[in-house]
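Me: I'd like to go through this model with you before I set anything up. Could you take me through it piece by piece?

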Amino acid sequence: MARKIAILGGTGAEGSGLAYRWAKAGEQVLIGSRDAGRAAETAKQLRERIGGAAQIEGMDNASAAAACDVAVMTVPFSGAAELLKQLKGVWKPGTIVIDTTVPLAATVGGAATRMLGVWQGSAAEQTKELLPPGVSLAAALQNLGAESLASDRPVECDVLVCSDDEKAKQVASELVSKIPGARALNGGKLENSRIVESLTALLIGLNMRYKVHGAGIRFTGLPLK
């Protein structure tokens with residue numbers, strides 16, 4: 001049976017972009033949302049865009065989390081802890097969670113370019129505390145722009161995957177490789193997500209200063225595979 005990938009907060013720009021890329025690559029995608037109707041509408045729009053036998057369904061976040069094999073957190077950081085508490089009794093043992101969230105805040109009248117302090121060290125480490133035993137976690141995809149994901153162009157960006165669980169790291173890396181142009185790199189332990197998350201604020205600033213939307217990161221001197 002094919003795996004099911006739930007994208008929690010999947011009606012947002014980042015979540016729907018990932019749903020589009022993975023469904024187009026043949027993955028079975030469940031779009032989760034606080035509003036099941038909105039999730040169903042987003043799923044319908046993506047199916048129509050992709051065509052063929054695209055496998056995308058929409059439902060509420062709890063139903064998506066209960067049915068999936070891999071869950072991808074794309075909700076804003078401000079709502080992540082509350083959602084994870086709601087889902088604590090929902091997860092199946094063996095589920096892999098991939099956290100894409102970044103603790104960003106906006107200055108008054110400005111863009112969200114300021115990193116918030118997180119007591120645990122990073123958004124991903126906070127997520128780890130809120131997951132039950134038997135559910136593993138990887139942090140990845142924080143540095144991919146929503147506009148790049150929503151297009152059909154290759155995403156020219158390296159993706160650092162951080163985790164203390166090798167299987168979670170492997171699955172997250174495999175999903176990164178389904179996005180044309182993206183390259184997964186082993187980012188080491190989950191605590192390194194602190195560094196990766198901070199790069200998002202830097203990239204947002206670069207986008208603003210250079211008036212672009214898809215600034216990404218590339219690491220040189222590494223093997224291609």
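Reply: To begin with the terms, helices here are DSSP runs of H or I with at least four residues, strands are E runs of at least two, and both are numbered from the N terminus. This is a predicted model, and on that definition the protein has 8 helices and 10 strands.

Me: How does the radius of gyration fit a compact globule?

Reply: For 225 residues a compact globule would have a radius of gyration near 17 Å, and the protein has 16 Å, which agrees. The C-alpha trace spans about 45 × 40 × 40 Å along the principal axes, and buried residues account for 49% of the 225 residues.

Me: What about the faces of strand 4, buried or exposed?

Reply: Both faces of strand 4 are covered, with V70 and V72 buried on one side and A71 and M73 buried on the other. In strand 5 (residues 96-99), I96 and I98 point one way while V97 and D99 point the other way, and all of them are buried.

Me: Switching to loops: where is T74, and what does its side chain reach?

Reply: T74 lies in the loop between strand 4 and helix 4, and its side chain reaches the backbone oxygen of L8 at 2.8 Å. The side chain of T74 also reaches the backbone oxygen of G9, at 3.1 Å. With a relative accessible area of 11%, T74 falls under the 20% cut-off and is therefore buried.

Me: What does N143 look like for accessibility, and where is it?

Reply: N143 is in the loop between strand 8 and helix 6 (146-150), and at 7% relative accessibility it counts as buried. Its C-alpha atom is separated by 9.3 Å from that of S198, although the two residues are 55 residues apart along the chain.

Me: Now helices. How many residues of helix 1 are buried?

Reply: In helix 1 (residues 13-24), 10 of the 12 residues are buried, so the helix is largely enclosed by the rest of the structure. The buried residues include E14, Y20, R21 and W22. From its first C-alpha to its last, helix 1 reaches 16 Å, close to the 16 Å expected at 1.5 Å a residue.

Me: What comes after helix 1, and what is its phi?

Reply: Helix 1 is followed by G26, whose phi is positive, near 100°.

Me: Which residues of helix 7 are buried?

Reply: The buried residues of helix 7 are A168, K169, V171, A172, L175 and V176. They cover an arc of only 165° around the axis, which puts them on the same side of helix 7.

Me: Why would residues spaced like that point the same way?

Reply: An α-helix has 3.6 residues a turn, so residues three or four places apart point the same way.

Me: And what is exposed on the other side of helix 7?

Reply: On that other side, E166, K167, Q170 and S177 are exposed.

Me: Last thing, what happens at the start of helix 7, and what are the spans?

Reply: At the start of helix 7, a side-chain oxygen of D165 comes within 3.1 Å of the backbone nitrogen of K167. As for length, the 12 residues of helix 7 (residues 166-177) should span 16 Å at 1.5 Å a residue, and its end C-alpha atoms are 16 Å apart, which agrees.

Terms used. Residues numbered from 1 in each chain as written. Predicted model: local features only at pLDDT ≥ 70, side-chain atom pairs only at ≥ 80, totals over all residues. Heavy atoms only, no water. Expected span 1.5 Å × (residues − 1). Buried < 20%, exposed > 50% of the residue type's maximum accessible area, 1.4 Å probe, protein only. Arc of directions from axis to C-beta. Polar contact = N/O pair within 3.5 Å; in protein donor to acceptor, adjacent residues only side chain to side chain. Rg over C-alpha atoms; globule rule 2.2 N^0.38 Å.
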